[in-house]
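How does one learn to read the features of a protein model? The dialogue below takes up the question step by step.

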Amino acid sequence: MSLVVLAVDDEPPALDELAYLLNADGRVAFVHRAGDATEALRVLRDTEVDAVFLDIRMPGLDGMELARILHRFARPPAIVFVTAYDDGAVDAFDLGVTDYVRKPVRAERLGESLRRVTGLRAAPPPAPAKREEEPSIPVELAGTTRMLPRSSVRWVEAQGDYARLHTSDASHLVRVSLATLAERWADAGFVRIHRSYLVQLRLVAELRLTQSGYVVAIDGVELPVSRRHTRELKDKLIRAVKHDWTR
């Protein structure tokens, strides 16, 4: 499958490098260029592209705002963010972007993004709600950005302005606050039990009173429950049990 793509970056050297790497890949038939979001919209008005490789921090309309506009297209292109920063990762994946590539861009990493774009364009169109059913968040593994499905996260621990996502066999540090994740993941069953902890409610094996206060157990790990969150957690656990028994 030959792809028509659009590269968007307000820094000419970065745009030249990105366009060069895209052109060098055999899956790319043509690369359009834009130096800002306004120019990108002009290109998209006249040309249908398969994917937009997009910087986030740009003057005027930034990459995140442009992505929200593209997300409303009748047939939106795949969006790949290419950025030197990781603080937009959660917002990006709330929009269902295809990939999130960190600068400086390596040819093999860009190749992985193009593989994903090709697979996405070749697959049948997903149901409208499909993208929201399994959102992912980018994490760094040995210098490579990987997509971690939210469903694999068991509990989250605050670490300053960062959050550590705990899965059944690993943990990953991401640049997003626990408060942000608590707000955005509430509908997915994550509940705040402490100023430093967010847990997936369905995985709470027990709520137990100890000498130092209440704790919950997830995967054999005990996490503290603060006084202010104890009553709310009990209520949610009871409602969850009632729901399972009455449905």
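Predicted model: local features only at pLDDT ≥ 70, side-chain atom pairs only at ≥ 80, totals over all residues.

Q: In what order do the five strands of the open sheet stand?
A: Strands of a sheet pair through backbone hydrogen bonds, either parallel or antiparallel. Strands here are DSSP runs of E with at least two residues, helices are runs of H or I with at least four, and both are numbered from the N terminus. Two strands pair if DSSP finds at least two bridges between them. In this structure the order is β10-β9-β8-β12-β11, with antiparallel pairing. Because β10 (171-174) and β11 each have a single partner strand, they stand at the edges, and one side of each is left without a neighbour in the sheet. On average, neighbouring strands of this sheet are turned by 25° against each other, direction ignored; the axes are lines fitted to C-alpha atoms, for helices over the stretch in contact, and angles run from 0 to 180 degrees between N-to-C directions.

Q: Which strands are joined to β12 by bridges, and how many bridges are there?
A: Strand β8 (residues 155-159) is joined to β12 by three bridges, and V156 has L198 as its bridge partner. Strand β11 (residues 190-194) is joined to β12 by four bridges, with F190 opposite Q200. A hairpin of two residues links β11 to β12.

Q: Are the faces of strand β12 buried or exposed?
A: A residue is buried under 20% relative accessible area, exposed over 50%, and partly exposed in between (1.4 Å probe, protein chains only). Both faces of β12 (residues 197-200) are covered: Y197 and V199 on one side, and L198 and Q200 on the other, are all buried.

Q: How is the aromatic pair of W185 and F190 described?
A: A pair of aromatic rings is described by the distance of the centres and the angle of the planes. Rings of Phe, Tyr and Trp (its six-membered ring) pair if their centres lie within 6.5 Å; planes under 30 degrees apart count as stacked, over 60 as edge-to-face and the rest as tilted. The count by this rule is three aromatic pairs. W185 and F190 form a tilted pair, 5.0 Å centre to centre with 50° between the planes, and both residues are buried.

Q: Which residues of the largest nonpolar core touch the most other members?
A: In soluble globular proteins, nonpolar side chains tend to be buried together. A nonpolar core is a set of buried Ala, Val, Leu, Ile, Met, Phe, Trp, Tyr and Cys residues joined through side-chain atoms within 4.5 Å. The largest core has 21 residues, and L6, V8, V52, L54, I79 and F81 touch the most other members. The elements giving two or more residues to this core are β1 (3-8), α2 (37-46), β3 (51-54), α3 (63-71) and β4 (78-83).

Q: Why does D55 count as buried?
A: D55 counts as buried because its relative accessibility is 6%. This residue is in the loop between β3 and α3.

Definitions and conventions. Residues numbered from 1 in each chain as written. Heavy atoms only, no water.
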